[in-house]
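Take a first walk through this structure. We begin with its aromatic rings, then turn to its core and one of its helices.

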Amino acid sequence: DLEQRVNTGKDKAQLEDLAELLGGMGDHALEARVRRRIVDIDYEDNQRDQEDDEERWRAKNELAARHYGQSSYVEAEQLYREVLGEVEVAFGSNDDWAFDIKANLAGVMMAQERHGDAETLMRDVLAGQTLLYGEDGQTTLITKEVLAVILDHVCQTREAESLFREVIAGKIQLYGGAENLDVCLTQASLADMMIEEAGGQSEEAEELYRGILAVMTNLSLYDNATAHGLIEDVRASLEQLEAERAPPSLAPRVLFDDANLFGNGCEKGEGGGEGVVEKSNGGAVPSRPSETPKCGSAFRFFCS
């Protein structure tokens, strides 16, 4: 009975009394075994508590995601912040759980057009993940791309372009080459940004688009909805570029909206532009008409 109690006992109070008794009797070897059993019970209890905590966090995350999907952003943010507080108490701020929740929060903030808050969160996540996984870790690359999309939206295009190029180089190294859907998605986001920045024409962007089509044809991802969407978008972009090369006399006078999917687009800043711009047939050829919107880099990234 004593051996069984030492090996499998569950009552910590009884085991502590037994350890005291064995110590008083001078049986220190058996006392040590009893005290080790007490430590094991504490560990098992902590493991169960942690599993319960993680299950609760998952449930809250799923509920927050449902609120987000229903555009109930206040409720989603409140739940994400609750979970983030608990996770940071348990594991600290440089933990995968914390990083994931902050990224979810950034998505809620982007949906509310709180771009500065979203940018701050993603910079914090990127700094932590870079320390944990390195500059070219897969998780780090994902966060870099999210941050690039945010920066593109707020017209910090130089930094956004730099991040997109870092992500492309990192993914090529990660996958052992450029013939990969994930690489093509980022290349398309960069090309979209370059087209918008250049006012509708960019040789490098066109080269990227044609390279993406060639890769996607070779990959033959017939059943992949993301791949099909990318191919359609890239073809539409190339058709638009071809149309914009038409003689100015054939180009209609168009008002086009330079805003992207997340809101009102650039006011003024690094990206230039005034939001709604008029192009006449005596000047530059118009960019994409707003009545035929195309899947922009931000939409494509978050959908994929």
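Which residues form one aromatic cluster? They are Trp 57, Phe 91 and Trp 97. Before going on, note that this is a predicted model, where local features need pLDDT of at least 70, side-chain atom pairs count only at pLDDT 80 or more, and totals for chains, interfaces and linings use all residues. Residues are numbered from 1 along each chain as its sequence is written, and side-chain values use heavy atoms, with hydrogens and water left out.

Rings of Phe, Tyr and Trp (its six-membered ring) pair if their centres lie within 6.5 Å; planes under 30 degrees apart are stacked, over 60 edge-to-face, and the rest tilted. By this rule there are three aromatic pairs. Helices here are DSSP runs (H or I, at least four residues), numbered from the N terminus.

Trp 57 also pairs with Trp 97, again edge-to-face: 5.5 Å centre to centre, 70 degrees between the planes. Trp 97 belongs to helix α5 (residues 96-111) and Trp 57 to α3, so the pair ties together parts that are 40 residues apart in sequence.

How open are these rings? Buried means under 20% relative accessible area, exposed over 50%, and partly exposed in between (1.4 Å probe, protein chains only). Trp 57 is buried, at 2%. Trp 97 is buried too. Phe 91, at 32%, is partly exposed.

Now the core. A nonpolar core is a set of buried Ala, Val, Leu, Ile, Met, Phe, Trp, Tyr and Cys residues joined through side-chain atoms within 4.5 Å. The largest has 53 residues, and Met 216 and Leu 230 touch the most other members. Helix α9 (residues 181-198) gives the most to this core: ten residues. Apart from it lies another core, of eight residues, including Leu 18 and Ile 41.

Follow Met 216 next. Contact means heavy atoms within 4.5 Å. Beyond its neighbours within four places in sequence, Met 216 is in contact with Leu 181, Cys 184, Leu 221, Ala 227, Leu 230 and Ile 231.

Met 216 is one of the buried residues of α10, and Tyr 209 and Ile 212 are among the others. Their cover includes α9 and α11 (225-244). Just after α10, Ser 220 takes a positive phi of about 55 degrees.

Conventions: Helix = DSSP H or I, 4+ residues; strand = E, 2+ residues; numbered from the N terminus.
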